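Trainee: Could you sit with me and show me how to read a fold? I would like to go one feature at a time.

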Amino acid sequence: MTTLVTTRYGRIDRIFGERTRRSVQAMEDEAMTTLYEFAGGDEALHRLEELFYTKVLDDPTLRSVFPARQPSHVEHLTWFTAESFGGPDRFTTGLGFQYIIDVHRHLKITDDQRERFVALYLEAIDEVGLPDDAAFRAAVREHLEFGARVAQQNSHAETDDQLHPIREVPAWTWPRQSED
C-alpha cells in the first residue's frame, strides 16, 4: 500500500510500500511539467548542486556536517534532486535509499544547521538562475524543508525505530500546468 501525503504546493506521490510513478501518458493527459523539466533538467540541477555544495563546504555553521569535499557528492545530490523532481531514478537504482539514511546517521544535525542548509540552497537557486517562478520556488522550498527535517531526524536516530519512516526517494510534484 502506498501512502500519499498532500501538501500546500506539492505532493509526495510515494512514501511507503511499492513505488508508484505516474505514467508518461497520464502526465501528458494532465499537461503537467515536472519540477525536473521546469528547473532545466540535469544540466541545471548539476550547476545548482555544485554551487550549493561549494557554499556548504565554506560555511562555518555546516563545517561539522560537511567537513571535506567528497568526489561523488555533487553527482549524488544531482541524482537525488533530479529523481525527487520527476527525473531519472538514478539515485534509487545507483545507490538506494538506505545510502542516504546511512550518510546522515549520527551527524546530529542542529536546528541552526538545518535552517542554514535550506538558506544556502535557496541562495544557490537564485545564483544559478533557476526559474524565478513563485509556484516553483514554493514547491522547491517545501521539498527542501521536508528533506532537511528528515535528514535531521535520521541524524539523531540511535535505533532504526527512531528513523523517519520514508524509505524511498519522494516524488515531489507541483500544481503548475505546462504552458506548452
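Trainee: What pattern does the protein chain follow, read along the sequence?

Mentor: Start by listing the elements in order. This is a predicted model, and in it the protein chain runs β-β-α-α-α-α-α-α-α-α-β. That gives eight helices and three strands.

Trainee: How much of the protein chain is buried?

Mentor: Of its 180 residues, 46% are buried. Among contacts with a separation of 6 or more, 70% join residues 24 or more positions apart.

Trainee: Let's take a single helix. Which residues of helix 6 are buried?

Mentor: First, the general idea: an α-helix has 3.6 residues a turn, so residues three or four places apart point the same way. In helix 6 (residues 97-104), F97, I100, I101 and H104 are buried. These residues sit on the same side of helix 6 because they cover an arc of only 100° around the axis. What they pack against is helix 4, helix 5 (90-94) and helix 8. Just after helix 6, have a look at H106, which takes a positive phi of about 75°.

Trainee: Now a pair of helices. At what angle do helix 3 and helix 4 pack?

Mentor: For a pair, read the angle, the distance between axes and the handedness. Helix 3 and helix 4 pack at about 130°, and their axes are 9 Å apart. Helix 3 is therefore oblique to helix 4. As for handedness, the crossing of helix 3 past helix 4 is right-handed.

Trainee: Which residues make that contact?

Mentor: From helix 3, the contact uses D42, L45, H46, E49, E50, F52 and Y53. Helix 4 brings H73, V74, L77, T78, T81 and A82.

Key: Residues numbered from 1 in each chain as written. Predicted model: local features only at pLDDT ≥ 70, side-chain atom pairs only at ≥ 80, totals over all residues. Heavy atoms only, no water. Buried < 20%, exposed > 50% of the residue type's maximum accessible area, 1.4 Å probe, protein only. Helix = DSSP H or I, 4+ residues; strand = E, 2+ residues; numbered from the N terminus. Arc of directions from axis to C-beta. Contact = heavy atoms within 4.5 Å. Axes fitted to C-alpha atoms, helices over the stretch in contact; angles between N-to-C directions. Parallel < 35°, antiparallel > 145°, perpendicular 65-115°, else oblique. Left-handed = near helix turned anticlockwise from the far one by under 90°.
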